[in-house]
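Please read the following points with the structure open beside you, taking each pair of residues in turn.

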Amino acid sequence: MSIIQQHTQASLSDAWRTINIDALDPDSSQNFDTSTLHPPLPEIGEADVRQLNAQVRQLLRGGDAEGALRGCLESPVYNGSDGAKDAHMQTVVEVLQSIKASDMTPMLQRIYGSESGSELLDVLVKYLYKGMAGNSLSGGRTPTRNLTPQATGFSQIGSRPGAVNESTGSGMSVLLSWHEKVVDVAGLGSIERCMTDWRKV
């Protein structure tokens, strides 16, 4: 009789582990509260966001575009309602669109060289990706899509190419320009930190 034939059905069952070794391991997640891994974030209400956005717009009207950008990036809305997050996102996009292309790189270099500048540019990358995701460029509302079948087999969105999505397209080009400049100044690490950070704007 071979060794394989000597095994019974009971010895081949999945119930071979009777001791919970995770309970004995001090590094196991069973021995500490995993919610303590993420510190609590303060909740930011829509009234707070409106007040912050008014201050940022005042700086923008006063000609201090860098101060307005810093104001947006120093107080991101991580823990708030969707309305508060969208309102702040609109302000960030408004600030980014108001800055000339020739001023982008010097401004980003000054921000990056300042104290906690790397974190500010990481927050900017988060807002850029959220803006590129789409719903923030069209005024916070989801655009209606009228799909028209074409003879080529592809569908055309909108009645005229580019007519419905002109503001979205120009907003996207601004975000892509900023993304390029941020990566030039801060490097690819800002993208990696943005993708791995559990805090979402």
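1. In this predicted model, Lys126 and Asp197 form a salt bridge in which the closest N and O atoms are 2.5 Å apart.

2. Lys130 makes a salt bridge with Asp86, and here the closest N and O atoms lie 3.8 Å apart. This pair, too, links distant parts of the chain, since Lys130 is in helix 6 (residues 117–133) and Asp86 is in helix 4, 44 residues apart. Lys130 is buried, its relative accessible area being 16%, whereas Asp86, at 23%, counts as partly exposed.

3. A salt bridge also brings together the side chains of Arg57 and Glu94, with a distance of 3.0 Å from N to O. Arg57 lies in helix 2 (residues 46–61) and Glu94 in helix 4 (residues 82–98), so this pair ties together parts of the chain that are 37 residues apart in sequence. Arg57 is partly exposed at 27% relative accessibility, and Glu94 is likewise partly exposed, at 32%.

4. How many salt bridges does the structure hold? The count is seven, and the pair of Lys126 and Asp197 is one of the salt bridges described above.

Technical notes: Residues are numbered from 1 along each chain as its sequence is written. This is a predicted model: local features need pLDDT of at least 70, side-chain atom pairs count only at pLDDT 80 or more; totals for chains, interfaces and linings use all residues. Side-chain values use heavy atoms; hydrogens and water are left out. A salt bridge is a side-chain nitrogen of Lys or Arg within 4 Å of a carboxyl oxygen of Asp or Glu. Helices (H or I, at least four residues) and strands (E, at least two) are DSSP runs, numbered from the N terminus. Buried means under 20% relative accessible area, exposed over 50%, partly exposed in between (1.4 Å probe, protein chains only).
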